[in-house]
Each structure stands twice: as C-alpha cells, then as structure tokens.
Amino acid sequence: MAKKLAGTMKLQIPAGQANPSPPVGPALGQRGINIMEFCKAFNAKTQEMEQGAPCPTVITYYQDKSFTMDIKTPPASYYLKKAAGLKNQGKRNRPRGAENPGRETVATVTVAQVREIAEAKMKDLSANDVEAAMKIIVGSANSMGIEVKG
C-alpha cells in the first residue's frame, strides 16, 4: 500500500550546512519530520557540492513521519555572482546585482562562463539543449545588471 502524503514544503538550505537551528528546525518540527534524520541525510547528499551554496530543496513528507527530498542545483544568480566576482555588500553582507538593471552594469561575464553555468544548471532548466539554457542564463544576467561579453 502506498504512503499517505501529508504535504510538501520548500526550503533553501546551504549545502552541507543543515542544522536543527532556525529556519530548518522549526519548519521541519511543526510538520512532524525528524529534524536530525533530515539534517544528516541532507548533509550526506550535498557533501560533494560546494559548501555553503544555497540549495533549493523540495521536501515531501508523509503521514507516517517519513520524508523524501529533491535537492536542486543552486540558483543561476548564485553562479552568476560567483563568476562575475561580485563582492559582499548590502544590509546582509551578501553579493548583490545592480540597483537599476538595464541602466547600470555592475559586472561582466564571458560566454564561456555562461556556457559553464548553463551546463551545471541543465537538469533544473526547462531547456532542450545547452544553447537554449544559455539564453535563460543570459536573461538572468541581464536582469541582475551583469553584462555578457564575448
């Protein structure tokens, strides 16, 4: 007999750094998910990824308190900021894009870097080939005020 679905939730957790403190612990605890079991499983699955990279995670939990997780690749903006070499700034000391994208440019990336990002994100993008995925990444770069040269 199939498990009864209780619900799904989405969290963005740094790779290899899941711990029971907020926001992960309370979000899982109120849904009856074993927090330590989730943290161990998540950290084991993300240990080969770059530590601290934000990983969007879809958690499906069932009435018998079990769960499954689908860990996606980090957002394109994360890869673009890293490739462009943007330094930390702003209120939370995080790298940011342009205040007025389209009017100002804060950094540049090369077509080769865009191809590399597109290949890394390919499984999570709705693109049939790398060229289409590159167009999606270029669109993200433009909306952040990052110019693609090349």
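K72 is partly exposed, with a relative accessible area of 30%, where buried means under 20% relative accessible area, exposed over 50%, and partly exposed in between, computed with a 1.4 Å probe on protein chains only. The model is a predicted one, in which local features need pLDDT of at least 70 and side-chain atom pairs count only at pLDDT 80 or more, while totals for chains, interfaces and linings use all residues. Residues are numbered from 1 along each chain as its sequence is written, and side-chain values use heavy atoms, with hydrogens and water left out.

K72 forms a salt bridge with D70, and their closest N and O atoms are 2.8 Å apart; the term salt bridge stands for a side-chain nitrogen of Lys or Arg within 4 Å of a carboxyl oxygen of Asp or Glu. D70 is also partly exposed, at a relative accessible area of 39%. Side chains of opposite charge can pair when their charged atoms come close.

How many salt bridges does a search of the whole structure find? The search finds three, and one of them joins the side chains of E50 and K82, at 2.5 Å from N to O. Because E50 lies in the loop between helix 2 (35-45) and strand 2 (54-62), whereas K82 belongs to helix 3 (residues 76-84), this pair ties together parts that are 32 residues apart in sequence. Helices (H or I, at least four residues) and strands (E, at least two) are DSSP runs, numbered from the N terminus. E50 is partly exposed, with a relative accessible area of 37%, and K82 counts as partly exposed at 48% relative accessibility.

Another salt bridge links E131 with R115, whose closest N and O atoms are 2.6 Å apart. E131 lies in helix 5 (residues 130-144) and R115 in helix 4 (residues 111-121), so the pair ties together parts that are 16 residues apart in sequence. Both partners are partly exposed, E131 with a relative accessible area of 42% and R115 at 32% relative accessibility.

The axes of helix 4 and helix 5 come within 8 Å and cross at roughly 110°, where axes are lines fitted to C-alpha atoms, for helices over the stretch in contact, and angles run from 0 to 180 degrees between N-to-C directions. Helix 4 and helix 5 are therefore roughly perpendicular to each other, since angles under 35 degrees count as roughly parallel, over 145 as roughly antiparallel, 65 to 115 as roughly perpendicular and the rest as oblique. The contact, meaning heavy atoms within 4.5 Å, is made by V111, V114, R115, I117, A118 and E119 of helix 4 together with V130, E131, A133, M134, I137 and V138 of helix 5.

Three strands form an open sheet in the order 1-2-3, with antiparallel pairing; two strands pair if DSSP finds at least two bridges between them. Strand 1 (5-14) and strand 3 (67-71) are the edge strands, each pairing on one side only, and the twist averages 20° from one strand to the next. Helix 2 packs on the sheet, touching strand 1, strand 2 and strand 3, and its direction makes about 30° with that of strand 3. Strand 2 and strand 3 pair in the antiparallel sense over five bridges, and T57 stands opposite I71 in strand 3.

P56 is found in strand 2 and counts as partly exposed at 24% relative accessibility. Although P56 and Q12 are 44 residues apart along the chain, their C-alpha atoms are separated by 4.3 Å. Not counting residues up to four places away in sequence, P56 touches L11, Q12, D70, I71, K72, T73, P74 and P75.

Four bridges join strand 6 to strand 7 (residues 146-149), and the two run parallel; the bridge partner of T108 in strand 7 is E147.

Finally, a search of the whole structure finds zero disulfides, a disulfide being a pair of cysteine sulfur atoms within 2.5 Å. C39 counts as buried at 3% relative accessibility, and C55 is buried with a relative accessible area of 0%.
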